[in-house]
Amino acid sequence: MSLRADAPAGVRRFSPTERWVHRTTAALMGVCVLTAACLYVPQLAELVGRRELVVRIHEWAGLALPVPVLVGLASRAFRADLGHLNRFGPHDRTWLRAALHRDKRPASRPAGKFNAGQKLYASWIAGATLVMLGTGLMMWFTHLTPLIWRTSATFVHDWLALTIGIVLAGHIGMALADPESRKGMRTGSVSREWADREHPLWRP
Amino acid sequence: MNEDVHEGVNDEQPPQRGTPVGRRVFLGTLGLGALGVVAAPRLQRGLEDFLGGAADKDPTGLTGLLPNGGGFRYYSVASSVPRKNADSYRLTIDGLVDHPTTYTLADLKALPQTRLVRDVQCVTGWRVPDTPFEGVRLSRLLDTAKVHPTAKAIRFTCFDGTYTESLTLDQARRADVLVALRMQDKDLGHSHGGPVRLYVAPMYFYKSAKWLSGITVTDEVRPGYWEERGYDVDAWVGRSNGRDDEPTS
């Protein structure tokens, strides 16, 4: 608490644990996406070859993907933010409606610590990651499940991978467009002006 | 979460915890994923029909990148594969034969060609319908080399330096097993295993070794590359690898 009072220049947004969780998750997701591209896009597959090695890396990175979040659960700050991400208030409905109508005025985009878009993204990507993990395991350990399931798992894995790729590109694109938001994830604190403008209902 | 309640007391926001929409989205995504697995066979058939049709009219080729967007997928187990052309390509037949032979591409082209049109079925699920393959019957090459009576099987090697395959002698003598020079009525390109690949019509496509360079007659089946990694040696489509695809030949 005293930390915040001592640092008038910035507002504390993420704890070191949270940033560590984000960084390792992002790295693992990056490995999954890159290896997936090398297995899937014919031109890259031709360039890289080494199919067995690439598959191994992909499998282990995928298996490790949920670990940072699970470890992060030990942190009170991380659990508190999961709570913020989970709970939707009336202002989130307002935010979503504005987003649907492409209304970019700050007044029509009320948000707490996380805006409604960030909340939806977080919940969806968490679920999607577990679906990828589940279908991935079915493709990996084919003898653990009825074997007809493998084709079905491949089907879901492929299409969801494509969807995740697009959504992830959106996530990264939005981060690229907002340096202060990136600074929050990099250093842990953001400027007061940014917090007031982007997250007016946030009371850090 | 108690802090929220206290903080909520000030101005704009009512002091409530809100609906757990995040949890619902999370669980909903999981549920949809499970539903997708259950409904996959039906969904996949519909999509294949749709995308197969779309791919025919798609000049960009982007549909080929969609899952099951029709067409082949490139798998190579080696880090890089040398390119061979009509000058540099050689196919050797050795092992338990009276007349070990080396064929050039021109030699193979000069032999009677057989054209087969069957579906291609990969063990990972994708299927390409009605794909023409053309080449020399493997049985013809074996007869020319005069296989010893003690021989039981064939080992195939490839000029990628890594991949291997196997067939029993009976399987290898089937009329629908070719040393293929052409696919889809075009000379086999490098990425499809050209200039020469094996084509084993009734089996999963991993049996159809790309970049074929060696045919060795042996006295027992030596499992090939993927077979040492858990795939079935007798890879009949629909009757192996725990799959029930419609047979291709």
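This is a predicted model: local features need pLDDT of at least 70, side-chain atom pairs count only at pLDDT 80 or more; totals for chains, interfaces and linings use all residues.
In which sense do strand S5 (residues 153-158) of chain B and strand S6 (residues 164-168) of chain B pair, and over how many bridges?

Residues are numbered from 1 along each chain as its sequence is written, and chains are lettered from A and ligands numbered from 1 in the order in which they are written.

**View 1. Strand S5 of chain B with its partners S6(B) and S10(B).** S5(B) and S6(B) pair in the antiparallel sense over five bridges, where two strands count as paired if DSSP finds at least two bridges between them, and where helices (H or I, at least four residues) and strands (E, at least two) are DSSP runs numbered from the N terminus. In this pairing B:Ala153 stands opposite B:Thr168. The two strands form a hairpin with five residues between them, and in the turn B:Gly161 has a positive phi of about 85 degrees. S5(B) also pairs in the antiparallel sense with strand S10 (residues 212-218) of chain B, over six bridges, and there B:Cys158 stands opposite B:Leu212.

**View 2. The crossing of helices H2 and H6 of chain A.** The axes of H2 (residues 16-40) and H6 (residues 76-86) come within 7 Å and cross at roughly 70 degrees, the axes being lines fitted to C-alpha atoms, for helices over the stretch in contact, with angles that run from 0 to 180 degrees between N-to-C directions. H2(A) is therefore roughly perpendicular to H6(A), a term for angles of 65 to 115 degrees. The contact joins A:Thr17, A:Glu18 and A:Val21 of H2(A) with A:Ala77, A:Phe78 and A:Asp81 of H6(A), two residues being in contact if their C-beta atoms, placed from the backbone, lie within 7 Å. By class, these residues are three nonpolar, one polar and two charged; Ala, Val, Leu, Ile, Met, Phe, Trp, Tyr, Cys and Pro count as nonpolar, Asp, Glu, Lys and Arg as charged, and the others, Gly among them, as polar.

**View 3. The crossing of helices H7 and H8 of chain A.** The axes of H7 (residues 90-100) and H8(A) come within 8 Å and cross at roughly 95 degrees, so H7(A) is roughly perpendicular to H8(A). A:Asp92, A:Trp95, A:Leu96 and A:Ala99 of H7(A) make the contact with A:Ala116, A:Gly117 and A:Lys119 of H8(A). The residues of this contact comprise four nonpolar, one polar and two charged.

View 4. A:Val67 and A:Leu28 are 39 residues apart in sequence and 9.9 Å apart in space, C-alpha to C-alpha.

**View 5. The contact of chain A with chain B.** This contact takes 43 residues from chain A and 39 residues from chain B. On the side of chain A that touches chain B, H8(A) gives the most, with 12 residues. That side divides into 22 nonpolar, 13 polar and eight charged residues.

Methods. Angles under 35 degrees count as roughly parallel, over 145 as roughly antiparallel, 65 to 115 as roughly perpendicular and the rest as oblique.
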